[in-house]
Amino acid sequence: MSEQQPTASSGRNLDPWYSNYARRTAGLTVSEVRALFAVASRPEVVSLAGGSPYVAGLPEDLIRSAFDRMLREHGAEALQYGGGQGIPQLRERILDLMAIEGITDASADDVVTTTGSQHAIDLITKLFIDPGDVILVESPTYVGALGTFKSYEADVRHVEMDADGLDPAALTEAIHKARAEGKQVKFLYTVPNFNNPTGVTMPMSRRREILDLCIREDVLILEDNPYGLLYFEEPAPNALRSLDAEHVLYMGSFSKILSPGVRVGFVLAPHGVREKLILAVESSILSPSTFNQWLVAEYLDTADWRGQIDTYRGIYRERRDAMLQALEEYLPQLSWTVPSGGFFTWVQLPPGLDSKQMLPRATTELVAYTPGTGFYADGRGHDKMRLSFCLPEPDRIRLGVRRLANVINNELELLETFGDVTGAGEIDQRFSSAPPDLQ
């Protein structure tokens with residue numbers, strides 16, 4: 001009897017195991033942000049694309065002293081397996097972090113440590129989503145969350161935003177529409193502080209309105225807050241979780257305020273969800289990195305981490321200002337958001353321009369950005385782009401915007417000559433603001 005060989009889907013796919021994959025792998029697609037990394041990492045390219053923090057702004061001695069003390073005092077524990085919930089020493093320090101966001105009613109037992117907040121999104125989605133379940137998300141939303149949601153075969157539905165974040169009327173309509181179709185809305189995913197990608201921050205009045213609506217409609221909220229401490233002028237409003245402990249799962253991360261390389265995040269969850277999260281961690285990775293948790297715990301114990309966050313605020317504020325000034329000077333015909341913290345501004349292109357089609361021409365001009373299409377699950381966003389100001393120095397930001405202006409102006413000249421062949425719609429004014437007066 002001959003051994004059966006795997007086939008390659010009638011010869012149409014080079015992967016011999018193509019027909020063996022689970023159906024859900026169809027949701028595993030290349031992130032438009034990740035796809036840019038190879039190009040954007042070339043030194044001659046000014047990358048306004050990825051949201052990589054400026055880790056060079058972290059003094060080396062702060063990490064080295066925490067590292068040395070960790071090995072000296074906790075080396076054996078740091079090099080050993082740990083529990084699925086994470087080490088208690090770090091979970092205690094995480095309480096200090098969350099207290100700044102107004103969350104003062106939690107205990108260390110309520111916290112689950114994860115391998116970055118992306119891991120937390122994956123775990124929560126795994127616990128709650130059956131194929132076809134509805135997840136409501138902002139329009140637009142974080143590309144990494146979209147990838148995870150699609151990989152679990154969720155029915156991802158966007159809820160419109162305005163200058164204050166999620167539109168309550170649109171949220172109500174989305175919930176009722178899904179239920180009228182016999183669908184179950186499992187949770188609402190939101191980035192309320194310095195939103196990725198729009199930079200918009202939800203004011204407290206809107207937070208209360210959204211929370212009250214979700215309590216009334218019995219919808220869980222997944223609050224993702226990687227940027228909340230990186231404000232420029234005034235602190236962001238207190239977290240949604242500070243207003244309610246039962247209807248909100250709160251996620252945080254050390255990627256933006258310390259380093260993404262340590263891969264440490266966390267979830268604050270009600271008791272029942274917390275217990276399932278721990279089991280999910282143990283079933284997937286046994287435990288988050290004990291070594292990295294001890295390193296972060298020692299950093300929080302010994303370093304002036306509040307002062308370091310303040311340093312980061314100054315760095316990113318300067319770069320935000322450089323971005324806005326350059327946009328005003330080189331691209332005054334465009335509109336964009338004016339973020340009060342975080343890493344990003346969201347740019348609206350003139351009618352007829354397509355950010356995805358334009359990207360190859362931009363990289364030829366040695367500038368990279370993220371097309372708006374990456375932040376939607378339904379194909380929208382061709383007339384938008386996300387510009388990131390966190391990594392390049394201010395003079396590089398200015399150079400990048402100048403190069404981008406050359407590309408956009410050339411595209412507009414072609415449109416004027418040959419007409420609109422992309423079919424892009426009218427300018428979306430929901431997030432638009434007049435170029436700011438920075439004099």
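**Cores, ring pairs and a sheet**

Trainee: Of the 77 residues in the largest nonpolar core, which touch the most other members?

Mentor: A nonpolar core is a set of buried Ala, Val, Leu, Ile, Met, Phe, Trp, Tyr and Cys residues joined through side-chain atoms within 4.5 Å. Buried means under 20% relative accessible area, exposed over 50%, and partly exposed in between, with a 1.4 Å probe and protein chains only. In the core of 77 residues, the members that touch the most others are Met-98 and Phe-254.

Trainee: Which helix gives the most to this core?

Mentor: Helices (H or I, at least four residues) and strands (E, at least two) are DSSP runs, numbered from the N terminus. With eleven residues, the one that gives the most is helix α10, residues 305–330.

Trainee: What kind of model is this, and how are its residues numbered?

Mentor: Residues are numbered from 1 along each chain as its sequence is written, and side-chain values use heavy atoms, with hydrogens and water left out. Local features need pLDDT of at least 70, side-chain atom pairs count only at pLDDT 80 or more, and totals for chains, interfaces and linings use all residues, as this model is predicted.

Trainee: How many aromatic pairs does a search of the whole structure find?

Mentor: Rings of Phe, Tyr and Trp (its six-membered ring) pair if their centres lie within 6.5 Å; planes under 30 degrees apart count as stacked, over 60 as edge-to-face and the rest as tilted. By this rule the number of aromatic pairs in the whole structure is 13.

Trainee: Why is the pair of Phe-128 and Phe-187 called edge-to-face?

Mentor: The ring centres of Phe-128 and Phe-187 are 6.4 Å apart. The pair is edge-to-face because the planes stand at 85°.

Trainee: How many residues apart in sequence are the parts that this pair ties together?

Mentor: Phe-128 lies in helix α4 (residues 116–128) and Phe-187 in strand β6 (residues 185–190). The pair therefore ties together parts whose separation in sequence is 59 residues.

Trainee: Is Phe-187 buried or exposed?

Mentor: Phe-128 has 23% relative accessibility, so Phe-128 counts as partly exposed. Phe-187 has 0%, so Phe-187 counts as buried.

Trainee: What is the bridge partner of Phe-344 in β14?

Mentor: Strand β11 (residues 344–348) and strand β14 (residues 384–388) pair in the antiparallel sense over five bridges. In β14, the partner of Phe-344 is Ser-388.

Key: Pairing = 2+ DSSP bridges.
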